[in-house]
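Please examine the sequence and the three-dimensional structure shown below. The paragraphs after it lead through the chains step by step.

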Amino acid sequence: MRRRLFIFSFLVAPVTLYLVYVIAPYAQAFYIAMTNWRGVNAAPQFIGLENFGRLLGDGVFWKAVGHNALLLALLPVITIALALVFAYLLNVGGAGGRTGVWGSKFYRVLFFFPQVLAVTIVAVLFQQVFRPDDSGMLNAPLMALGLKPVGFLSNPSIALWSVMAVLIWQAVGFYVVLFSAGLASIPREMFEAAQIDGAGRMSMFFRVTLPLLRDTVQVAWVYLGIIAMDAFAIVWVMTDQHGGPDRSTTVMAAEIYRNAFQYFQFGYASALGVVMFFFVLGFAVLSLRLSRRERIEF
Amino acid sequence: MSRKHHLGPLNVLMHIALAVWALLIIVPLVWTFLASVKSEDEIFSDAWSLPATLRWDNFARAWEQAHIGQYMLNSVIVVFFGVLGTMLLGSMAAYVLARYPFRGNRAIYLLFVSGLAFPIYLALTPLFFVVQNMGTIPVIGPYIGLNTHAGLILVYIAYSMPFTVFFLAAFFRTLPTAVAEAALVDGASHTRIFFQIMLPMARPGIVSITIFNVLGQWNQYQKPLVLLQDRDKWVLTQGIADISTAAGYDQDWSALFAALTLAILPMLIVYTIFQRQIQSGLTAGALK
């Protein structure tokens, strides 16, 4: 009896809070997605799957999906590749393959720092770095050399790449530390044995390090995939017109927010949210399934 | 053999790659710090010039007129109580779910952990109305509705539950049971065992996840953007984002750089002191 009371008393507050603020909103979202709810004071009416029919023809939303897809295809690959190389150099890249290169402790501390900064602050910082005139950190030296300034955020065909660059800039250090921890758990003898067998640094990286880090790389893949499917704060704060110019950098999350809290189309925004939910779920299921298959080979 | 490696071209390339990435991180930060003590003219005439005089008044304007001081205080309040509540409720739930088998235990655990898979954007609209409705509850309503810090704190706590419970439950399962059982035989209450024996034993896990939650909640932007519309309630991320987007041409740019510096420097200092704990705290979840 005492035990039961204890269990109840410890769970009641966290579970209540969680049900009210997390589970209830998610559950309601699926219903709201099937209403035509507009405006704070209007009453929602059930309209079935009409919102989903409408979103099929919503060019801006599919543009956003395409941008998330591009981020999903490239952000994890580039970040993981850079982080793996850096982690390798910092841990076993030094002379003899047993220690990190000179200064590796400093590099590791420095590389991680962007991770500590709020995405919003990073976004504002790079907005200044990318300024289109000679007050921009990057364009000032270009213009001093007589080159034309680059519209990092003002040119629609470049802006999304600037967004991706900032996401990579912030993420790499985290994965350097993550992979370093993974490397540290690999027994030193592995590297020594490979070295005695005459493995160079290149083959050591591809044949020893990479296979042994497979699990950690998979975790990194899932994390970065989730970042790629979100990207809200960077896009909303850094780019012109919240996802511009001309919607060239918009992402699903930005369109959901815009529809809900700028157009007050709550029903439609929730429908977009449901679609995003299934994309994220699909990605998670897919990567878990793939990783399971690979683990059997391992 | 290793001697030759040390001087080889590959080695040079390695050092260049590391140095380039280091510069990519350092240069934008230093450039921002520098711009924060420049005049408006200096910022616009030449992005790379050194300031003629150090204009500390930029910081005074950022702190007072751009309200960075107020926003920072708001962030501190929200994150302090948010993390306190998260750690208290999260560790209680995780402990019970990890150590006390009962009917429904697994279901509650899965309910918490399932929250890890949902994108917050799906819940935004209903969450806004949930918090709005909270505001209509008699007596306590005005304190936990929209535009209240307590309301935001409750939301932070709820949304921090999935990861906190997931991580701490795994941690509590690894702790030895003998001490707790002995204390139970001696007549200690379950509650006392938790606070006086298990919580201190779980300290390493608690520290990691506290750091994780502090940074996670400090960096929140999406939820305050939806739930706090009153300027004087804003948190730091909202304030910084607003200075850069709102004003346009009559913008106080040097104050913007000062505001950025004010937001970055404390993080840099805290990170330099606690970098080991912060790194392990943030990566802890991924290594589980």
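Over residues 220-239 of chain A, the chain is 90% helix and 0% strand, and the end C-alpha atoms of this span lie 26 Å apart. Helices (H or I, at least four residues) and strands (E, at least two) are DSSP runs, numbered from the N terminus. The model is predicted: local features need pLDDT of at least 70, side-chain atom pairs count only at pLDDT 80 or more, and totals for chains, interfaces and linings use all residues. Residues are numbered from 1 along each chain as its sequence is written, while chains are lettered from A and ligands numbered from 1 in the order in which they are written.

The span 220-239 is one of those that UniProt, in an unreviewed entry, lists as "transmembrane region" in chain A; the others are residues 69-90, 110-130, 158-181 and 266-288. UniProt positions are given in the numbering used here, feature names are shortened, and annotations may be inferred rather than shown by experiment. Residues 158-181 of chain A are 96% helix and 0% strand, with end C-alpha atoms 35 Å apart.

Of the 298 residues in chain A, 44% are buried. A residue is buried if 20 or more other C-beta atoms lie within 10 Å of its own, exposed if 12 or fewer, and partly exposed in between, with C-beta atoms placed from the backbone. Among the contacts in chain A with a separation of 6 or more, 66% join residues 24 or more positions apart. Two residues are in contact if their C-beta atoms, placed from the backbone, lie within 7 Å.

Two loop residues of chain A deserve attention. A:Ala231 sits in the loop between helix 10 (214-230) and helix 11 (232-238) of chain A. Its phi is near 60°, a positive value in a residue other than glycine. A:Ala231 is buried, because 27 other C-beta atoms lie within 10 Å. A:Phe264 belongs to the loop between helix 12 (252-261) and helix 13 (266-297) of chain A, and A:Phe264 also has a positive phi, about 55°, although it is not a glycine. With 16 other C-beta atoms within 10 Å, A:Phe264 is therefore partly exposed.

An unreviewed UniProt entry gives "transmembrane region" for residues 12-34, 71-97, 109-131, 151-172, 193-215 and 253-274 of chain B. Residues 109-131 of chain B are 78% helix and 0% strand, and their end C-alpha atoms lie 25 Å apart. For residues 253-274 of chain B, the figures are 100% helix, 0% strand and 32 Å. Chain B is also divided into domain 1 (2-59) and domain 2 (66-246), with bounds that come from an automatic or database domain assignment. The C-alpha centres of these two domains of chain B lie 38 Å apart.

Within chain B, helix 6 (residues 105-114) and helix 9 pack at an angle of about 125°, with their axes 7 Å apart. Axes are lines fitted to C-alpha atoms, for helices over the stretch in contact, and angles run from 0 to 180 degrees between N-to-C directions. Helix 6 and helix 9 of chain B are therefore oblique to each other. Angles under 35 degrees count as roughly parallel, over 145 as roughly antiparallel, 65 to 115 as roughly perpendicular and the rest as oblique.

Where do the two chains meet? In total, 78 residues of chain A are in contact with 72 residues of chain B. Helix 1 of chain A supplies the largest share of the chain A side, 20 residues. By class, that side has 63 nonpolar, 11 polar and four charged residues. Ala, Val, Leu, Ile, Met, Phe, Trp, Tyr, Cys and Pro count as nonpolar, Asp, Glu, Lys and Arg as charged, and the others, Gly among them, as polar.Helix 1 (residues 2-32) of chain A and helix 9 (residues 149-174) of chain B have axes that come within 9 Å and cross at roughly 100°. These two helices are therefore roughly perpendicular to each other. Among the residues that meet here are A:Tyr18 and A:Tyr21 in helix 1 of chain A, and B:Ile157 and B:Met161 in helix 9 of chain B. The residues of this contact divide into 11 nonpolar, no polar and no charged.
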